Amino acid sequence: MFTYKPLLKTLIDKDLKLQDLREKLRISGATLAKISKGEYVSMETLDKICDFLDCEIQDVIQHVKKRERN
C-alpha cells in the first residue's frame with residue numbers, strides 16, 4: 001500500500017494546496033480524489049508532480065509495509 005502523506009507535507013512546506021496541482025498541472029479532480037484516498041496514481045502523474053514541486057519521489061509517496069497497516 002502507498003500513502004501520499006509526504007505529498008501533503010511537501011505542499012504545506014511549499015505553501016501550496018492540492019488544488020494548485022490541479023490548476024498548474026491540469027490534473028483531473030478524479031486523480032486528486034485518488035490521491036486523497038491513497039489509491040493508484042500513474043507514474044506519469046507522479047513525475048509531473050515531482051517536476052513541478054522540484055522534489056524527489058519520496059517527497060510525494062511512501063510505501064507502507066503490510067505489517068505497519070494493522
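**Reading helices, burial and cysteines**

Guide: Threonine 10 lies in helix H1, which spans residues 5-13, and the model in which we look at this residue is a predicted one.

Visitor: Is threonine 10 buried or exposed?

Guide: Burial is read from the relative accessible area, and a residue counts as buried when that value is under 20%. Threonine 10 has a relative accessible area of 10%, so this residue is buried.

Visitor: Which residues does threonine 10 contact, leaving aside its neighbours within four places in sequence?

Guide: With those neighbours set aside, threonine 10 is in contact with Leu53 and Asp59. As for aspartate 59, its backbone oxygen lies 2.6 Å from a polar atom of the threonine 10 side chain.

Visitor: Where is threonine 31, and what does this residue touch, not counting residues up to four places away in sequence?

Guide: Threonine 31 has its place in helix H3, made up of residues 29-37, and its relative accessible area of 16% means that this threonine is buried. Not counting residues up to four places away in sequence, threonine 31 touches Val41 and Thr45.

Visitor: How should I read a whole helix, and which residues of helix H2 are buried?

Guide: One way is to list the buried residues and then to look down the helix axis. In helix H2, residues 18-25, the buried residues are Leu18, Leu21 and Leu25. Seen down the axis of H2, these buried residues fall within an arc of 55°, and therefore they line one face of the helix. On the other side of H2, Glu23 and Lys24 are exposed.

Visitor: How many disulfides does the structure hold, and why?

Guide: A disulfide is a covalent bond between the sulfur atoms of two cysteines. This structure holds zero disulfides. For cysteine 50, the closest cysteine sulfur is that of cysteine 55, and because the two sulfurs are 4.4 Å apart, they are too far for a bond, the cut-off being within 2.5 Å. Cysteine 55 is likewise in no disulfide, since its nearest cysteine sulfur, in cysteine 50, is 4.4 Å away.

Definitions and conventions. Residues are numbered from 1 along each chain as its sequence is written. This is a predicted model: local features need pLDDT of at least 70, side-chain atom pairs count only at pLDDT 80 or more; totals for chains, interfaces and linings use all residues. Side-chain values use heavy atoms; hydrogens and water are left out. Helices (H or I, at least four residues) and strands (E, at least two) are DSSP runs, numbered from the N terminus. Buried means under 20% relative accessible area, exposed over 50%, partly exposed in between (1.4 Å probe, protein chains only). Contact means heavy atoms within 4.5 Å. A polar contact is a pair of N or O atoms within 3.5 Å; within protein, one must be able to donate a hydrogen and the other to accept it, and residues adjacent in sequence count only if both atoms are side-chain atoms. The arc is that of the directions from the helix axis to the C-beta atoms.
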